[in-house]
Amino acid sequence: MLSTNLINFCLDDFHSDDELELIVSTIGESLNKKRTLYRMLVHSRTYIWRNRIHGHFKLYHNYFGDNPVYSPSAFRRRFRISRSLFIRIQSAVESCDPYFVQKRNDAGLLGLYSLQKITAALRMLAYGVVADYVDEYVRIGESTAIESVKKFVEAIVSIFSEKYMRSPTKVDTDRLLKEGDSRGFPGMLGSIDCMHWKWKNCPNVWKGMYVGHVREPMLVLEAIASYDLWIWHAFFGLLGSHNDINILERSFLFTELAEGRAPPANYSVNDHEYNMGYYLADGIYPSWSTFIKTIPSPQSNKHKQFAIAQESAIKDVERAFGELQARFSIIRGPARFWHRETLKSIMKAFIILHNMIVEDERHVKNQDYNYDSFDVNPDISVSRERSADFLEFVQCHRRIRDRDTHFQLQQDLIEHIWNNHGSHN
């Protein structure tokens, strides 16, 4: 018979269901003894018997059964994604990480189902709640819920990043150019801006580096979004003390363009030919040929009309940030994780899930976008000599930062918008 001292030792030592099962498997010499120890710990005053099977049955009956209690709209509102997309993600995550596959422990008892772990992770990300908030409904311990979040975002990044965090292909670029032309901005590929995420549990030794103008530790996300709110570029993790220009200098935004691997973007504005697309940006960004900014304090009607159009179109990226914060409330509040790598995985998973939702729901708005086309990237050869490829890279880099082209393009766009929109008012 197992002693009371041994039980008390176990109760004082474990902090989660998984740790309890590990203790049981280590101490119990046979299956009967393991089950006996497990039951004695379960019926003690410290351990919580959550009845995981009942929790899974209730969750399945409410949302995933043949005749679920809650409607698809209620599912969409509470999980932030449709049920079909949830099942697709669940299947992929189970195949990628055995952590989400239900298993029996050494005591012969069934563990949590994947539905429970993924639901707990999504609820914490969507509502921004603490780990033990989902315990009553999902029947999952605090430490297991936190581990589920980490495992879930890592699996999402590992499985879907290649498709949903890629650069625009030639098909995408042609579609974006066509849409930009219809909105009065030929050559526009999207709009760029930065979003800050407060880091509550930033280690004290790092706070000086992460504190910016708001006097609180921050992490910064640089992103580019198109008219349909698809996020084409995301660069996250730099210190909150950096401004938008510092982040731009460190990001990989124009790497493919400078190396000649970006799809061509040829267009004409006001009888002038251009071969580089551009992004709408606010006033802090530099006057490069790849950025178009508004005109501060415009005086003439032409300049006023251009400023109104530019400031209206640049809101695409602001709307994308708003959608991110609305869907995943954890971004609206301070980040409570300790490790920066965990926060990076969470932000990448948010971008991927956001783009998956845009793709999944594009038919609702009668949009027919093709996000499934891939271009084969050519092999890149590395050379140590100042070859023609290197000189071409330098010249392309200079064209990206060309101020004269920036002002010429801005003037052409002013005339273009005035001739097509402003002169009729």
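This is a predicted model: local features need pLDDT of at least 70, side-chain atom pairs count only at pLDDT 80 or more; totals for chains, interfaces and linings use all residues.

Q: How many aromatic pairs does a search of the whole structure find?
A: The search turns up 24 aromatic pairs. One of them is tyrosine 63 with phenylalanine 79, which is edge-to-face, with 5.1 Å centre to centre and 80° between the planes.

Q: And where do tyrosine 63 and phenylalanine 79 sit in the chain?
A: Tyrosine 63 is in helix H4 (residues 52-64) and phenylalanine 79 is in helix H5 (residues 72-79), so the pair links distant parts of the chain, 16 residues apart.

Q: Is tyrosine 63 buried or exposed?
A: Buried, because its relative accessible area is 4%, and under 20% counts as buried. Phenylalanine 79 is buried too, at 1%.

Q: OK, new spot. What sort of pair do phenylalanine 328 and phenylalanine 350 form?
A: A stacked one: 4.6 Å centre to centre, with 15° between the planes. Phenylalanine 328 is in the loop between helix H15 (315-327) and helix H16 (340-360), while phenylalanine 350 is in helix H16, 22 residues apart.

Q: How buried is phenylalanine 350?
A: Its relative accessible area is 0%. Phenylalanine 328 counts as buried as well, at 2%.

Q: Back to tyrosine 63: which residues do ring pairs link into a cluster with it?
A: Phe64, Tyr70, Phe75, Phe79 and Phe86 are in that cluster with Tyr63.

Q: What about charges, which one sits over tyrosine 70?
A: The charged end of arginine 78, 4.4 Å from the ring centre. Elsewhere, lysine 151 lies over the face of tyrosine 99, at 5.7 Å from the centre of that ring.

Terms used
Residues are numbered from 1 along each chain as its sequence is written. Side-chain values use heavy atoms; hydrogens and water are left out. Rings of Phe, Tyr and Trp (its six-membered ring) pair if their centres lie within 6.5 Å; planes under 30 degrees apart count as stacked, over 60 as edge-to-face and the rest as tilted. Helices (H or I, at least four residues) and strands (E, at least two) are DSSP runs, numbered from the N terminus. Buried means under 20% relative accessible area, exposed over 50%, partly exposed in between (1.4 Å probe, protein chains only). A charge sits over a ring if NZ of Lys or CZ of Arg is within 6 Å of the ring centre and within 35 degrees of the ring normal.
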